[in-house]
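Visitor: I am new to this one. Please show it to me, and then I will ask my questions.

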Amino acid sequence: MDLGDNMDKLTELFPEKEIYNLSSQIRRASDSVALNITEGSILQSGAEFRKFLGYSIRSIAEVVTCLHKAKRRSYISQEVFDGFYKDCFDLMNMTIAFRNKVK
């Protein structure tokens, strides 16, 4: 949930020309992390839940790619990128570890 909120705030700093491109993409990808976890956790088998956790992991990777694009386009500083990259890295590792525990 925090990732989606943080990316929403971050994209407010992006230029207006990105509203339908990078801003939209990073917001949708970051929101889909929590949405896929929720969708997979309700009345699903373990295998199905693992599949949805995999979607969440891929969405985190998509957020990281968007962060790289934002940094390359000078929308964010290296320091901002580093902080969000670490957050995504940690979240991805936690999600992978959780998925490995689901039977």
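## A first tour

Visitor: Where is Glu18 placed?

Guide: A word first: this is a predicted model. Helix α1 covers residues 2-11 and helix α2 covers 22-41. Glu18 sits in the loop between α1 and α2.

Visitor: Is Glu18 buried or exposed?

Guide: The cut-off for buried is under 20% relative accessible area. Glu18 has 5% relative accessibility, so Glu18 counts as buried.

Visitor: Which side chain makes a polar contact with the side chain of Glu18?

Guide: Set aside the neighbours within four places in sequence, and Glu18 is in contact with Ser23, Ser24, Arg73 and Tyr75. A polar contact joins side chain to side chain at 2.9 Å. The partner is Arg73.

Visitor: How many helices does the protein chain have?

Guide: Read from the N terminus, the elements run α-α-α-α. There are 0 strands. The number of helices is 4.

Visitor: What is the radius of gyration of the protein chain?

Guide: The globule rule gives 13 Å for 103 residues. The chain comes close to that, so it is as compact as a globular protein of that length. Its radius of gyration is 14 Å.

Visitor: What percentage of the residues count as buried?

Guide: Along its principal axes, the C-alpha trace spans about 45 × 25 × 15 Å. The chain has 103 residues, and the buried share of them is 37%.

Visitor: How do the axes of α3 and α4 run, roughly parallel or roughly antiparallel?

Guide: Two packed helices are described by the angle and the distance between their axes. The axes of α3 (residues 46-72) and α4 (residues 78-101) come within 10 Å and cross at roughly 170°. Angles over 145 degrees count as roughly antiparallel. That makes α3, relative to α4, roughly antiparallel.

Visitor: How many residues of the contact of α3 with α4 are nonpolar?

Guide: On α3, the contact residues include Phe49, Leu53 and Ile57. On α4, Phe81, Phe84 and Leu91 are among them. The contact also holds 5 polar and 3 charged residues. The nonpolar count is 16.

Visitor: Which residues does Glu62 touch, leaving out those up to four places away in sequence?

Guide: Glu62 is found in helix α3. At 29% relative accessible area, Glu62 is partly exposed. Gln25 is 37 residues away in sequence, yet the C-alpha atoms of Gln25 and Glu62 are 8.7 Å apart. The residues Glu62 touches are Gln25 and Ala29.

Definitions and conventions
Residues are numbered from 1 along each chain as its sequence is written. This is a predicted model: local features need pLDDT of at least 70, side-chain atom pairs count only at pLDDT 80 or more; totals for chains, interfaces and linings use all residues. Side-chain values use heavy atoms; hydrogens and water are left out. Helices (H or I, at least four residues) and strands (E, at least two) are DSSP runs, numbered from the N terminus. Buried means under 20% relative accessible area, exposed over 50%, partly exposed in between (1.4 Å probe, protein chains only). A polar contact is a pair of N or O atoms within 3.5 Å; within protein, one must be able to donate a hydrogen and the other to accept it, and residues adjacent in sequence count only if both atoms are side-chain atoms. Contact means heavy atoms within 4.5 Å. Axes are lines fitted to C-alpha atoms, for helices over the stretch in contact, and angles run from 0 to 180 degrees between N-to-C directions. Angles under 35 degrees count as roughly parallel, over 145 as roughly antiparallel, 65 to 115 as roughly perpendicular and the rest as oblique. Ala, Val, Leu, Ile, Met, Phe, Trp, Tyr, Cys and Pro count as nonpolar, Asp, Glu, Lys and Arg as charged, and the others, Gly among them, as polar. The radius of gyration is taken over C-alpha atoms; the globule rule is 2.2 Å times the number of residues to the power 0.38.
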